[in-house]
Amino acid sequence: MKRHTRAAVSVVSPIVLACALVLTVGPLWGQTGPGDSKSAQKLSASAIQIEPMDPGDVPIPPEFRMAIYEDLIAQITKTGKFQHVYRSGDHDAASASDMVTLRTTVRSFTKGSQKKREVTTVTGSTKMTLNVHITDHAGQTLVDRDVQGKVRFLGENLRATYDFSKKVAKIVQDTI
Amino acid sequence: MRARGLFLLAVGAPLMLFPVLARSQAAVTPQAAPSVVQTDVKLVIGGGEKIKNGSHGTLSVVGSSLQFATGKAKVELEAPSILEISTNEDSRQDITGAAHFATMAIPYGGGRFLSLFSHKVDVLTVEFRSVNGGYHGAIFVLAQGQAAPFKKQLVALGAKTSAPLAEPAPATK
């Protein structure tokens with residue numbers, strides 16, 4: 001019986017030690033240099049400024065440009081990640097020291113038709129792909145990826161901008 | 001003879017001075033710009049905290065500002081603060097909302113058939129800066145042919161646009 005107890009202790013104690021080591025060193029390991037740590041980025045951004053969408057060479061109707069911008073403001077505000085969500089040109093943004101900047105550039109845009117979507121189901125979807133670029137106050141890139149927004153079945157064409165903005169808000173929430 | 005002269009002076013003086021008076025009055029009171037009003041306009045986006053997106057109300061140009069008013073609240077912006085104003089055409093389904101979902105239950109593709117019924121609308125998009133310099137936008141959906149008068153009026157009042165409205169070609173005999 002005593003032999004069994006000794007064996008159990010000899011097996012369990014290294015595991016307990018290992019767990020203790022992980023619990024102690026783990027959090028310290030997470031606090032690495034400012035460059036590659038997500039947690040460090042999380043701590044540093046209390047404000048975001050959203051710049052107007054750059055249409056590039058892609059013809060995109062003005063109502064879609066505006067809807068993307070306003071939906072981005074609404075969805076990023078809704079995440080609750082930032083104390084301040086500044087619009088482009090806002091004078092108050094000048095005083096924010098730990099602010100990140102969100103820029104979007106259109107890669108492609110296809111305006112569909114609500115009527116076609118609802119009649120045929122398979123055609124008439126509105127699709128847009130935009131490059132999302134987020135930089136910190138020093139200009140270092142935090143996010144640089146293409147995001148798609150679409151409305152495939154039901155709803156007005158402008159709903160594609162809502163879909164896009166929801167995805168960007170999710171990226172912001174996961175990254176910063 | 002003297003009495004006749006006085007009579008002529010009494011009658012003629014107001015007639016001679018009237019145009020002068022009228023002109024000076026016009027110079028003192030600035031001529032108010034003709035107002036453009038449209039009811040049952042949908043504000044798709046841009047009501048801020050005061051008006052919920054998707055609200056219906058009255059859009060008008062009053063003085064030098066664009067106003068959108070619902071039964072409960074009103075928002076307005078000065079024409080010179082408008083960076084870009086544009087009009088576009090789109091179409092909207094005749095059956096919307098809960099009724100639209102109800103049509104999906106119609107058998108033999110009846111709901112799809114009803115989706116064929118739509119009407120053309122005008123979309124008025126306005127980009128502007130607020131007092132603190134922030135960039136904003138608003139999108140209005142109006143009845144077909146109703147957006148152009150707003151754009152014309154606001155451009156005349158100082159709003160900027162990169163695509164001016166085309167003047168109608170003069171009629172040729």
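View 1. A:Ile134 lies in strand β4 of chain A; helices (H or I, at least four residues) and strands (E, at least two) are DSSP runs, numbered from the N terminus. The model is predicted: local features need pLDDT of at least 70, side-chain atom pairs count only at pLDDT 80 or more, and totals for chains, interfaces and linings use all residues. Residues are numbered from 1 along each chain as its sequence is written, while chains are lettered from A and ligands numbered from 1 in the order in which they are written. A:Ile134 counts as buried because it has 24 C-beta neighbours inside 10 Å. A residue is buried if 20 or more other C-beta atoms lie within 10 Å of its own, exposed if 12 or fewer, and partly exposed in between, with C-beta atoms placed from the backbone. Leaving aside residues up to four places away in sequence, A:Ile134 touches A:Val100, A:Thr101, A:Leu102, A:Leu142 and A:Val143; contact requires C-beta atoms, placed from the backbone, to lie within 7 Å. From A:Ile134 to A:Ile176 the C-alpha to C-alpha separation is 9.8 Å, and the two are 42 residues apart in sequence.

**View 2. The five-stranded sheet of chain A.** The strand order in this open sheet of 5 strands is β2-β1-β3-β4-β5, with mixed pairing; two strands pair if DSSP finds at least two bridges between them. At the edges stand β2 (84-87) and β5 (141-151) of chain A, each of which pairs on one side only. From one strand to the next the twist averages 25 degrees. Axes are lines fitted to C-alpha atoms, for helices over the stretch in contact, and angles run from 0 to 180 degrees between N-to-C directions. Strand β1 (residues 47-50) of chain A pairs with β2(A) in the parallel sense over 4 bridges, and A:Gln49 stands opposite A:Tyr86 in β2(A). Helix α5(A) packs on the sheet, touching β4 (126-135) and β5 of chain A, and its direction makes about 150 degrees with that of β5(A).

**View 3. Packing of α3 against α5 in chain A.** The axes of helix α3 (residues 62-79) and helix α5 (residues 159-175) of chain A come within 8 Å and cross at roughly 35 degrees. Residues of α3(A) in this contact include A:Phe64, A:Ile68, A:Leu72 and A:Ile76, and those of α5(A) include A:Tyr162, A:Phe164, A:Val168 and A:Val172. By class, the contact of α3(A) with α5(A) has 10 nonpolar, 5 polar and 3 charged residues; Ala, Val, Leu, Ile, Met, Phe, Trp, Tyr, Cys and Pro count as nonpolar, Asp, Glu, Lys and Arg as charged, and the others, Gly among them, as polar.

**View 4. The β6-β7 hairpin of chain B.** Strands β6 (residues 118-129) and β7 (residues 135-143) of chain B run antiparallel and are joined by 9 bridges. B:Asp122 has B:Leu142 in β7(B) as its bridge partner. The hairpin has 5 residues between the strands, and B:Gly133 takes a positive phi near 90 degrees.

**View 5. Helix α4 of chain B.** In α4 (residues 147-156) of chain B, the residues B:Ala147, B:Phe150, B:Lys151 and B:Leu154 are buried. They lie on the same side of α4(B) because they cover an arc of only 95 degrees around the axis, the arc being that of the directions from the helix axis to the C-beta atoms. Just after α4(B), B:Gly158 takes a positive phi of about 115 degrees.

Key: Contact = placed C-beta atoms within 7 Å.
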